[in-house]
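Reader: Hi! Could you walk me through this one?
Author: Happy to, let's look together.

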Amino acid sequence: MDFHVKPLGKTCAATGEELPPGSICHSVLVEQHGEQVRLDYSAAGWPETPPEGTIAHWLTRVPDADPTDRPRPLDPEELFQFFEQMLDDMNPAQERIKYILALLLMQKKRLRLEGTRSEDEDHYLQLAGSQGEGPYEIRDQNLSDEEIAGLQQELNAALYRAA
């Protein structure tokens, strides 16, 4: 019989608490509804005897956090594609995000500032893609440094979740 065992879980099957890195935990493979299921227990959550239907039981050490589990860096090409998609969306609520994306893309040298223009009270950034795309025009949102940092964090979180 072949067993396909999932990796160590992040939480204790009994308590629901996180399994701390470096701790020893009890792992069991049980038969549930015709399937093999892995359950991991912290020392405090271990029921003293393996649960009913146990096929295998072993002790394991919860690995330290893997530095490769960090979110991957934002790819400038993916950001640029997202930027171009947003340009097609005429939703005024997206103006701040478009502006932040433009700033990120300029920082990553995927967009370059070609100039600026003013119309009434509004100021616009005139941009071009580093590979000849554009021209693009984005209204300056006159955001404070704190607003920019906050919006960048929101954007990063949304993009990491989508990746």
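**Strands, a helix and cores**

Author: Let's start in a strand: Leu 29 stands opposite Arg 38 in β2. This is a predicted model, where local features need pLDDT of at least 70, side-chain atom pairs count only at pLDDT 80 or more, and totals for chains, interfaces and linings use all residues. Residues are numbered from 1 along each chain as its sequence is written, and side-chain values use heavy atoms, leaving out hydrogens and water.

Reader: How many bridges join β1 to β2?
Author: There are 7, between β1 (residues 24–32) and the antiparallel β2 (residues 35–41). Strands pair if DSSP finds at least two bridges between them; strands (E, at least two residues) and helices (H or I, at least four) are DSSP runs, numbered from the N terminus.

Reader: And which residue in that hairpin takes a positive phi?
Author: His 33, near 55 degrees, in a hairpin with 2 residues between the strands.

Reader: Which residues have the most contacts inside the largest nonpolar core?
Author: Phe 83, Ile 100, Leu 101, Leu 111 and Leu 127, in a core of 21 residues. Such a core is a set of buried (under 20% relative accessible area, 1.4 Å probe, protein chains only) Ala, Val, Leu, Ile, Met, Phe, Trp, Tyr and Cys residues joined through side-chain atoms within 4.5 Å.

Reader: Which element gives the most to this core?
Author: That's α2, with 7 residues.

Key. Buried means under 20% relative accessible area, exposed over 50%, partly exposed in between (1.4 Å probe, protein chains only).
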